Amino acid sequence: MCGTCGCAGDAKATLLNLQTGTATEIAGVHNPHEHVHADGTRHSHARDEPHSHAHDDNHHRDHDHDHAHDDGHQHQRHAHAPGSVHGDPHEPAGDVVLIESRILAKNDALASKNRAWLAGREIFAVNLVSSPGSGKTTLLERTIPSLAGEMPLFVIEGDQASDYDGERIRKAGAPVVQINTGAGCHLDAEMVARGLSELKPSARSIVFIENVGNLVCPALFDLGERAKVVIFSVTEGEDKPLKYPHMFRAASLIVINKIDLVPHLDFSLQQTIDNVRLVNRDAAVLEVSARTGEGLEAWRDWLCAEAAAAREFVPL
Amino acid sequence: MHELAITCGIVELVAKAAKGRKVARVTVEIGKLSGVVPDVVAFCFPEVARGTEAEAAFLEICEIDAAARCDLCGAEFATPSMLTTCRCGSLLFQRLAGEELNVRSIELDEAM
């Protein structure tokens, strides 16, 4: 995306005509690619045309280019900061240092440390993910009193802002830490490490990690949890597993919440489960109402079974 | 906007490898089913790189097409979306490519 004009460049957006069934790729609104710079100058170049130019004028912050797509499996694009000069095709001018590292390597290493720390204490950590308003906090408010006699329970609350949910959990009777991510849209392994360090969960407990309400970003970030659970409410519509496949695929359990509302909605539980199966063949599916308590026994049983498995787990 | 966090991860890896030297080019791989939007990474990069060794670097993003091998019929097939299944009807397959999120290499500025 161009920082000056906000154009999408080689955008991967597609347009589907529902009447005809035809899908077309929207190959950038500017094609040929054209900018109007802050000083009123304008330049443009065609999609398949290699080009070079200097940006020493310091008025254009970043910049995308499109390249010819004749390389089969890889499509290249690039952006550069002001001050750089380049031509294409590229011949390395300086030393090339191979890095060959996963971008998420640091998060994943921290997540592994969290996982080992939790395993050593026989703690079952569960990462609860959902869109905002699906009922994660309400489900925890109901779960905490019902499991309190069985084992110690702890909660890490993630929200962009406020300690509103943390306060609700505290009133429900569990020790809780609230993480506010500020601009961030997800919890990461370092936040959870800090949360665990602050919360000091006891051995053989359950740690609920309530992620930031978001069906996209938390899917990519391993926190060191033993299981991911998607909480999905019936008011969200049957199509969500297909629209947010990464999240549904990563889950061990899908909890369908607010089933007390089904009689009032045009909502098919069976269609939802069929859609879940298209992206995740193995996840367990539970139907519950955190409000009425329906189905919560099965949720409680699942938690107890997983907590027991965490106590039996022997790291190899 | 997890792409901002991803971009921070890229710049951190680059800065570590550059060891104080100026970087002219950064090459990354983003699989088409990685859940990361290349355009957004490209948008974030200049701001995230500001003040680091990669400040003047040129970010090259190689998008990797997704493919899988069917567990039942053994066919290898392209998976342009998360919902693509094998032509034989099987939902059982192993992903071969398309989930990459890697920093491949950096090119140092010859002037340094």
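## A walk through the predicted model

Chain B has a mean pLDDT of 94, and 97% of its residues reach 70 or more. The model is predicted. Its scores are ipTM 0.90 and pTM 0.78.

Start with the core. The largest nonpolar core holds 94 residues. Three of them touch the most other members: Ile209(A), Val14(B) and Val26(B). Helix α1 of chain B, residues 2–18, gives this core its largest share, eight residues.

Next comes Glu107(B), in strand β6 of chain B. Is Glu107(B) buried or exposed? It counts as buried, because it has 20 C-beta neighbours inside 10 Å. The cut-off for buried is 20 or more. Its contacts involve both chains. From chain A come Pro92(A), Gly94(A) and Val96(A), and from chain B come Ala24(B) and Arg25(B), not counting residues up to four places away in sequence. Val14(B) is 93 residues from Glu107(B) in sequence, yet their C-alpha atoms are 10.0 Å apart in space.

Move to the loop between β5 (93–97) and β6 (101–108) of chain B, where Glu100(B) sits. Glu100(B) has 20 C-beta neighbours inside 10 Å, so it counts as buried. Which residues does Glu100(B) touch, not counting residues up to four places away in sequence? They are Glu29(B), Ile30(B), Gly31(B), Ser34(B) and Ile64(B). Asp65(B) is 35 residues away from Glu100(B) along the chain, and their C-alpha atoms are separated by 9.6 Å.

Finish in chain A, with two helices. Two packed helices are described by the angle between their axes and the distance between the axes. Here the pair is α1 (residues 105–120) and α4 (residues 189–199) of chain A. Their axes come within 8 Å and cross at roughly 30°. That is why α1(A) is roughly parallel to α4(A). The crossing of α1(A) and α4(A) is left-handed. On the α1(A) side, the residues that meet α4(A) are Asn107(A), Leu110(A), Ala111(A), Lys113(A), Asn114(A) and Trp117(A). On the α4(A) side, they are Ala189(A), Glu190(A), Val192(A), Ala193(A) and Leu196(A).

Definitions and conventions:
Residues are numbered from 1 along each chain as its sequence is written. Chains are lettered from A and ligands numbered from 1 in the order in which they are written. This is a predicted model: local features need pLDDT of at least 70, side-chain atom pairs count only at pLDDT 80 or more; totals for chains, interfaces and linings use all residues. Helices (H or I, at least four residues) and strands (E, at least two) are DSSP runs, numbered from the N terminus. A residue is buried if 20 or more other C-beta atoms lie within 10 Å of its own, exposed if 12 or fewer, and partly exposed in between; C-beta atoms are placed from the backbone. Two residues are in contact if their C-beta atoms, placed from the backbone, lie within 7 Å. A nonpolar core is a set of buried Ala, Val, Leu, Ile, Met, Phe, Trp, Tyr and Cys residues joined through C-beta atoms within 7 Å. pLDDT is the predictor's confidence in each residue, from 0 to 100. Axes are lines fitted to C-alpha atoms, for helices over the stretch in contact, and angles run from 0 to 180 degrees between N-to-C directions. Angles under 35 degrees count as roughly parallel, over 145 as roughly antiparallel, 65 to 115 as roughly perpendicular and the rest as oblique. A crossing is left-handed if the near helix is turned anticlockwise from the far one by less than a right angle, and right-handed if clockwise.
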